[in-house]
Amino acid sequence: MTDKSGYAAPLFFIFLAFTISLTSGYIYENQLHNVTQTIKNSRLYVDSFDATSTQWLTAGTAPYLDAQDEPNNYVYTVVGGAGSKDGDLMGDFGFEDHDATGTINSVTLRVYGRADPSKPLQRYFSVWLWDGNSWNEVMNFRGEGSWTWKEVDVTQYLNTWNKINQAKIRLQTEVIGVTGGGHACDAAVLVIDYTL
Ligand SMILES: [Ca+2]
Ligand SMILES: [Ca+2]
């Protein structure tokens with residue numbers, strides 16, 4: 001009975017060590033939890049033009065769509081002239097790469113362009129996206145006579161970092177029963193929303 005006090009100090013330190021261990025474990029879990037909830041947003045601008053298709057005209061220097069800077073660097077078609085036939089293509093335009101870390105939440109393609117507004121249902125242009133396997137028509141400029149930013153959710157096509165880093169777009173003249181052309185495109189960017 002009288003020796004019991006001799007165990008008090010060691011027992012206390014064992015208890016203390018256990019408590020510290022639990023506390024630091026809790027803090028570590030909290031820090032981990034906070035890190036996993038960091039949502040980030042990256043913009044990947046066009047950084048290449050490989051001239052696979054050159055049926056549209058160009059102004060300025062390649063890759064033309066890397067910045068919103070018309071009338072300096074952009075691509076365009078002329079009504080009844082260059083790039084005015086149905087299916088005339090311009091591309092391909094690649095995008096900046098991104099570190100392949102984090103969970104992809106969404107990917108949005110934004111394109112800055114304008115179209116001939118006179119016959120939007122017959123004379124317009126489409127934007128096609130390469131997903132690493134095939135081309136997909138993801139956007140149309142129809143009747144936007146003034147320069148306009150349009151955007152579309154392309155997460156279903158670019159759902160891995162590999163696909164995002166290989167992504168490219170091309171522009172295609174669309175004509176139904178009339179003379180085509182009269183369109184222009186100045187910039188394109190992929191907006192990546194992801195979690196680290
Ligand atoms: Ca790339
Ligand atoms: Ca430009």
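Is Lys85 buried, partly exposed or exposed, and how many other C-beta atoms lie within 10 Å? The views below begin with that residue. This is a predicted model, in which local features need pLDDT of at least 70, side-chain atom pairs count only at pLDDT 80 or more, and totals for chains, interfaces and linings use all residues. Residues are numbered from 1 along each chain as its sequence is written, while chains are lettered from A and ligands numbered from 1 in the order in which they are written.

**View 1. Lys85 sits in a loop between strand 3 (74-76) and strand 4 (89-95).** Strands (E, at least two residues) are DSSP runs numbered from the N terminus. Lys85 is partly exposed because 15 other C-beta atoms lie within 10 Å; buried means 20 or more, exposed 12 or fewer, and partly exposed in between, with C-beta atoms placed from the backbone. Leaving out residues up to four places away in sequence, Lys85 touches Thr173, Val175 and Gly180, where touching means C-beta atoms within 7 Å. Glu174 is 89 residues from Lys85 in sequence, yet their C-alpha atoms are 7.6 Å apart.

**View 2. The largest nonpolar core has 38 residues.** Such a core is a set of buried Ala, Val, Leu, Ile, Met, Phe, Trp, Tyr and Cys residues joined through C-beta atoms within 7 Å. Val75, Ala188 and Leu190 touch the most other members. Strand 10 gives the largest share, eight residues.

**View 3. Residues 25-30 have pLDDT under 50.** pLDDT is the predictor's confidence in each residue, from 0 to 100. This stretch has zero contacts beyond four places in sequence. The chain's mean pLDDT is 89.

Methods. Helix = DSSP H or I, 4+ residues; strand = E, 2+ residues; numbered from the N terminus. Contact = placed C-beta atoms within 7 Å.
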